[in-house]
Amino acid sequence: MQLRYIALRAGAAAQAESGAPPRRRTETQSGLPLELGIAPAPVTAESKSNSAASDAAPDPRRILDSIGETVYDWDLHSDRISWGPNAATVLGVANIDAICTGRLFAEWLSNDSESSRYQAIARAASADDGEGAPFQIRYGLVPPDGAREATVWIEDTGRWFAGPDRRPARAHGLVRVITERYKLERQHAFESRFDALSGALNRAALIEQTAHFYAQSARRKQPFAALLLGVENLFALNRTHGYDVADQAIAALAKCLRDHCRERDLVARYAGGKFAEVLENCDRSEMIAAAERFIEVVSVTPFDTGAGPTPMSLRVGGVVAPRHGRAAHLLFQHAEEALDQARLPGAPRFVAYEPSLAREDGRLRAQEIADEIVAALDDDRIVIALQPLVHAASGVPAFHEALMRLRRPDGALVPPATLLPTAEKTGLIRRIDQRVLELALKKLVEQPAIHLAVNISGPSLQDPDFFARLREVLSANAQAAGRLTIEFTETCAMEDVEATTGAIAMIKQFGAKVAMDDFGAGYTSFKNLRRFDFDLVKIDGAFVQNLVASVDDRFFVRTLVDLARHLGLQVVAEWVEDEETAKILRDWGVDYLQGDFFGAATVA
């Protein structure tokens with residue numbers, strides 16, 4: 001009867017709100033209510049045969065049970081709650097008398113609940129204007145002696161009605177079990193704020209939470225500190241044990257950092273191999289002590305992984321706020337600068353940020369260069385200059401190297417030396433590589449007799465998308481592919497030997513040739529050089545330019561030439577500036593010569 005009463009009352013309220021005239025109630029021959037104006041269907045043999053179906057009409061209790069809902073009516077004066085007949089089943093309560101009053105019901109509220117039904121009504125912003133005032137609240141229910149995991153999450157939607165004193169006197173509504181939805185929403189909320197691998201805050205949440213540290217610092221007149229902790233040997237860990245083991249080490253490191261910081265400090269995963277810590281009420285000396293503690297703890301604690309105990313080490317940069325960073329983005333920018341200093345060869349493992357006019361000027365200059373590169377890319381002002389590589393024996397051009405140039409709006413050409421360091425640091429080098437490659441392929445298609453070499457940076461060499469684009473353009477220009485040589489430096493090749501071997505095989509599969517640039521500048525072993533299936537090597541010009549005057553350079557270059565010839569590789573010598581140098585190289589059996597002596601790089 002209670003369910004029927006509430007349903008009829010809700011219908012009446014909805015009718016009153018709509019302004020529709022009151023509907024009179026009558027009954028059909030079966031005794032069921034019928035609205036006036038709708039004539040009953042004529043009684044026929046078929047309708048009589050179906051009369052049994054009226055006995056199987058939808059059961060409200062069964063429906064509410066199946067969708068996890070029940071209703072209630074609460075008298076606030078007596079504190080008595082009248083529940084729907086299915087309430088015990090829906091709420092998982094063995095004895096409904098255990099929650100038959102507001103006070104008893106409140107004892108079942110989970111500590112994780114943000115509010116309660118009573119608070120939602122007592123603090124309601126709206127008033128009862130005769131139709132009742134709506135409310136909706138979420139809370140958790142758990143038996144007073146129950147475990148937190150047993151919490152049932154509820155969405156409570158209803159209306160409260162005022163008594164003569166205009167204060168809440170009665171409320172009724174519908175409660176719905178939303179435990180699964182609540183858990184799913186909590187999971188999504190967690191994933192939006194926390195790193196899935198380490199369980200630490202993600203970078204976006206870190207920046208958001210740091211704003212609270214600034215507010216607290218302003219109120220209490222206390223400094224706080226930010227540390228960036230970079231894993232020193234992550235690349236070697238990935239290469240030696242694989243990414244799964246490295247991920248396990250990262251997760252273990254995050255736990256270690258949380259275990260060794262204070263409760264109110266923040267730990268976040270800032271980037272792949274970088275963690276951030278924000279330390280409350282921390283001055284410079286305390287920051288240094290904390291950083292040294294983290295460095296020591298990590299260095300003496302091998303972390304358990306699938307490959308066994310795995311050692312890790314840290315480099316740390318730190319900055320004190322708000323003195324050296326009055327906004328979160330500046331704070332972590334300065335922390336990154338300090339970490340960069342700590343990662344330099346011979347630097348201490350921890351570096352505290354100190355303002356530097358020279359560094360600030362350099363940063364502003366780098367930003368100007370980055371903006372200029374972006375504008376040139378967007379305006380198609382990245383062009384290629386072609387420099388010939390000649391046959392050593394005849395001096396006849398064999399092929400050309402396509403070198404990047406940036407053309408300014410006034411027509412002036414900017415050489416790559418002033419651009420590439422910033423391009424590599426900002427990641428713009430990938431876009432430059434792609435643009436130069438596109439221009440070179442266009443030239444190969446337009447001039448079927450020309451052969452070109454294009455230099456590719458380390459970041460592009462490690463980018464799977466680069467090879468996908470290379471495959472796409474070369475498959476559409478198979479003849480051009482045979483006249484293209486991809487160059488990358490010895491240092492890039494040695495960063496990941498396995499990846500380099502795969503990249504060379506892939507480039508050759510596309511039909512292009514592969515060259516090692518700056519041969520001799522890195523640390524390629526004889527074993528690795530044999531593994532790399534290069535077509536030719538280019539001896540670093542730094543050893544060639546002083547060949548006539550330097551006995552050491554002559555010995556070293558001759559050794560490189562003999563090594564390459566022993567492996568059956570063609571040899572290019574760069575930076576050849578005079579005939580005497582060219583003759584020495586020619587006599588040693590160098591195949592190709594490159595330098596301004598044979599032709600400077602020119603833009604068509």
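Helices (H or I, at least four residues) and strands (E, at least two) are DSSP runs, numbered from the N terminus. This is a predicted model, in which local features need pLDDT of at least 70 and side-chain atom pairs count only at pLDDT 80 or more, while totals for chains, interfaces and linings use all residues. Residues are numbered from 1 along each chain as its sequence is written, and side-chain values use heavy atoms, with hydrogens and water left out.

View 1. Of the 604 residues, 43% are buried (under 20% relative accessible area; exposed is over 50%, partly exposed in between, with a 1.4 Å probe and protein chains only). Take the contacts (heavy atoms within 4.5 Å) between residues at least 6 apart in sequence: 62% of them join residues at least 24 apart. The protein exposes about 32000 Å², and carbon and sulfur atoms supply 53% of that (Shrake-Rupley method, 1.4 Å probe; for residues, only the protein chains shown count as cover).

**View 2. An open sheet of 5 strands, in the order 9-10-8-13-14.** Pairing here is mixed; two strands pair if DSSP finds at least two bridges between them. Strand 9 (266–271) and strand 14 (350–352) sit at the edges with a single partner strand each, so one side of each has no neighbour in the sheet. From one strand to the next, the twist averages 20° (axes are lines fitted to C-alpha atoms, for helices over the stretch in contact, and angles run from 0 to 180 degrees between N-to-C directions). Strand 8 (residues 224–231) and strand 10 (residues 274–279) run antiparallel and are joined by 6 bridges. Look for Leu228, which stands opposite Ala276 in strand 10.

**View 3. Helix 9 and helix 12 lying across strands of that sheet.** Helix 9 (residues 203–220) lies across strands 8, 9, 10 and 13, and runs at about 140° to strand 9. Helix 12 (residues 284–299) lies across strands 8, 10, 13 and 14, and its angle to strand 13 is about 160°.

**View 4. Glu208 and Arg193 in a salt bridge.** Side chains of opposite charge can pair when their charged atoms come close. The rule used here asks for a side-chain nitrogen of Lys or Arg within 4 Å of a carboxyl oxygen of Asp or Glu, and the count comes to 32 salt bridges. In this one, N and O are 3.1 Å apart. Glu208 belongs to helix 9 and Arg193 to helix 8 (residues 179–193), so the pair ties together parts 15 residues apart in sequence. Glu208 is partly exposed at 43% relative accessible area, and Arg193 is partly exposed at 26%.

View 5. Glu438 is partly exposed, with a relative accessible area of 38%.

**View 6. Glu487 and its buried salt bridge to Lys538.** The two side chains meet at 3.0 Å, N to O. Glu487 is in strand 19 and Lys538 in strand 21 (residues 536–539), 51 residues apart, so this pair links distant parts of the chain. Glu487 counts as buried because its relative accessibility is 1%. Its side chain also makes a polar contact of 3.5 Å with that of Asn455 (a pair of N or O atoms within 3.5 Å; within protein, one must be able to donate a hydrogen and the other to accept it, and residues adjacent in sequence count only if both atoms are side-chain atoms).
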